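Hi,

Here is the structure I said I would pass on.

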Amino acid sequence: MLATSMALLIQNLSSVNAAYSIPFKEYDFIELAEGAEWSSGTPTEGETIEFGGPDTDDRGFAMYKDNVVLNDGKTYSKILETHPRWEPHGWIMGAYSNIYIPGGGATLYGKVGFIQGGTAGKVKIEIRLGDSIVLTTFDLEYADGVRSFEVDVPNTARGNTYTLKLIVDAGESSGQDWVAWAELYMTVRYEMIVSLEPDSLDINRGESGAITVHVTGDYPEEVGLSASDLPSGVTASFNPPSGTPPFDSTLTLTASETADVGVSNVKVRASHAVKVGGLWLTYISDYKTLALGVTGATAAPPVTTTTTPTPSVTVSTVTSTVTSTATETITETAGASTITETITETTTVRETTTVRGPVVTRTVTETVREREIRTETKTETVTSTVTPTVTQAGGPRCLIATAAFGSDLAPQVQVLRGFRDGFVMKTFAGRNFMNVFNAFYYSWSPYVARAEHENEVLRSMIRASIYPLLSILEFSRSLAEPLSATSELAVLLAGLVASSLIGLIYFAPPFIIVALILKRRAGKISATPIYPAISLLFGLILFALAEVTALPTLMMISSSIIVLSCIALAVTAPTKILKALLK
């Protein structure tokens, strides 16, 4: 049953043809407000107004204010106030020009409320790209408190430039419409695609061959090129070795006289990584596989042995030759690629012994191998469509990490968000697991985040504890990268690895300490990994069934069982080993 389910699962998996960067905070609309075009008016007329107030202008105003208390009781060091015209259905609008939406998409974040005391405040807020794409629209009242929102920009906007329009409408009354923006910014994800021309190459020993590497997309930073999984004796060089997309580079592969003969899958990669606090943070990475065939012939040099025995006048020569030829055809299928390898091998062994006077000469020539290799590669392209979603009130925020590093846009927080949004949430299994995880995480994380704000020591401890998690997520994602064409299996592998390492690093040490204390008191350690192992197997069976049936509830149950079982297994297995060592 499990084998059948997994087979059906693999048949329905899709491939990903482009890589996307981690989110960048590209547009801070509060900081950009001073350069935007502001206007105000009524349903029948409007006019341009200057940014900066004053806040007594009855035409409406947009201006910065410092150290302001909002209707959540908190003090904000800088806010943007946007008050509509002081008339029924008066409005104010800020127009931000040249907002580019990259190929990887964009997300708008906002946090808006009223200045404390404006209890009569009631407005309608709308944010759109141009005149046709409405990102969000909602009613806001003073009693609602400060409201957070997150909106994914529709896929249809990708690759285009717009004017973002921020509109505040007073409704029936403009009294105390002291609308205050604590946050309003857009993160973007740039796109990069690596392609090879051609995607297969045959070279002989002692020779070189070249292909063209195309790096396309809108990623704005310089990326470096590299080749990995090269066969022994083969070297690679790029010209140029780096560039800002789009650009082309020539990859030259050189095989030495002793290079390994055969077909290898060489990964040609473009990437951009930066070292942050001792941790390498990969902003973007994409690779394609080159089918490299190395052919050639090798002849062992003659071996001559000379000895000087007692003088003799005997002269004799004996020569024997044995020649054999063998042909073998091997066909392998891996994923979307079919490789056919035809090997023709000719072996000649010739031995000549000559005795002339006091000199004995023995010459042996052996083994000449020739290989002819043909490679056929089939490629399947599948288009993936992402449906934009809107999440309210901080649900997707990494609250604990944000409080620890002081900003929602700190590089470490971006790594966590990139793993979640750019990898986990793009799969059926990942989305359903995150539904369960979010319900658990957000039930207690706000209290921890609040405690971090009030205690610097706690914040430092949590910040230090997050660094291993960042390395775990990066490692598990890189380990699953070869399965990127089968995204559901990739996220399953990453989940198994990440959960096991989390259990090993975070939970196993305190569990072992407690076990040692109990051993000292009770004389024994109780740890049985068999039960977590059985639970993990059960979870994997349910996972396969959930993929085949596409049942979200079943996937939530199975993914949760898998994660908890991996953590438990990573805790109990070392304890079991320790128990055996202490006997």
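This is a predicted model: local features need pLDDT of at least 70, side-chain atom pairs count only at pLDDT 80 or more; totals for chains, interfaces and linings use all residues.

The protein chain has 583 residues, and 42% of them count as buried. Its secondary structure comes to nine helices and 30 strands. If you take the contacts in the chain with a separation of 6 or more, 73% of them are between residues 24 or more positions apart.

Now for strand S9, residues 122-129. Six of its eight residues are buried, so the rest of the structure largely encloses this strand. Which strands does S9 pair with? One of them is strand S10 (residues 133-141), which is antiparallel to S9 and joined to it over eight bridges. Across that pairing, arginine 128 sits opposite valine 134 of S10. The two strands form a hairpin with three residues between them, and there glycine 130 has a positive phi near 65°. S9 also runs antiparallel to strand S12 (residues 160-169), with six bridges between the two. Here isoleucine 125 has valine 168 in S12 as its bridge partner.

Next, have a look at helix H5, residues 445-454. Ser445, Ala449 and Glu452 are buried there. These three span an arc of only 55° around the axis, which means they lie on the same side of H5. There is a simple rule behind this kind of pattern: an α-helix has 3.6 residues a turn, so residues three or four places apart point the same way. What do you find on the other side of H5? Tyr447 and Glu454, and both are exposed. As for the buried residues of H5, they pack against H2, H4 and H6.

Which helix gives the largest share of the lining? That is H7, with 10 residues. By type, the lining divides into 34 nonpolar residues, seven polar and three charged.

Happy browsing!

Conventions
Residues are numbered from 1 along each chain as its sequence is written. Side-chain values use heavy atoms; hydrogens and water are left out. Helices (H or I, at least four residues) and strands (E, at least two) are DSSP runs, numbered from the N terminus. Ala, Val, Leu, Ile, Met, Phe, Trp, Tyr, Cys and Pro count as nonpolar, Asp, Glu, Lys and Arg as charged, and the others, Gly among them, as polar. Buried means under 20% relative accessible area, exposed over 50%, partly exposed in between (1.4 Å probe, protein chains only). Two strands pair if DSSP finds at least two bridges between them. The arc is that of the directions from the helix axis to the C-beta atoms. Contact means heavy atoms within 4.5 Å.
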